[in-house]
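Hi there,

Here is the structure I promised to pass on. My notes on its surface and its charged pairs follow below.

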Amino acid sequence: MDAPTKSDEIEIIKSKIDKREYKYLTLENGIKCMIVHDPEADKSAASIDVKVGAALDPKEHPGTAHYLEHMLF
């Protein structure tokens with residue numbers, strides 16, 4: 001079963017010599033994703049930007065953002 005997604009109509013601007021394929025979508029839970037397919041790649045990878053850092057740690061729980069960063073992976 002495929003993950004529920006909706007396709008977003010976003011123009012992705014790339015170089016004419018870029019052989020990669022790009023797809024941008026939003027998951028049902030609101031997470032925005034960009035999928036990149038590189039036909040010449042021999043490995044795969046993933047990345048995530050959570051837009052949260054140590055400045056948002058509660059004063060009574062310093063280090064929470066760093067801890068949660070490790071929980072993501």
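**Surface patch and salt bridges**

On the surface, Ile48, Val50, Val52, Leu56 and Leu72 make up a nonpolar patch whose accessible area comes to about 460 Å² together. (Patches consist of residues with over 30% relative accessible area and no salt bridge, nonpolar side chains being joined within 5 Å; areas are Shrake-Rupley values with a 1.4 Å probe.) This is a predicted model: local features need pLDDT of at least 70, side-chain atom pairs count only at pLDDT 80 or more, and totals for chains, interfaces and linings use all residues. Residues are numbered from 1 along each chain as its sequence is written, and side-chain values use heavy atoms, leaving out hydrogens and water.

Val52 is exposed at 52% relative accessible area, where exposed means over 50%, buried under 20% and partly exposed in between.

Now to the charges: the whole structure holds two salt bridges, that is, a Lys or Arg side-chain nitrogen within 4 Å of an Asp or Glu carboxyl oxygen. One joins Lys19 to Glu40 at 3.3 Å, N to O. Lys19 belongs to the loop between strand 1 (5-7) and strand 2 (21-27) and Glu40 to the loop between strand 3 and helix 1, so the pair ties together parts 21 residues apart in sequence. Lys19 is exposed at 58%, and Glu40 is exposed at 60%.

Arg20 and Asp18 also pair up, at 2.9 Å, N to O. Here Arg20 is partly exposed at 35%, whereas Asp18 is buried at 14%.

Best wishes

Technical notes
Patch = residues over 30% accessible without salt bridge, like charges linked within 9 Å, V, L, I, M, F, W, Y side chains within 5 Å. Buried < 20%, exposed > 50% of the residue type's maximum accessible area, 1.4 Å probe, protein only. Helix = DSSP H or I, 4+ residues; strand = E, 2+ residues; numbered from the N terminus.
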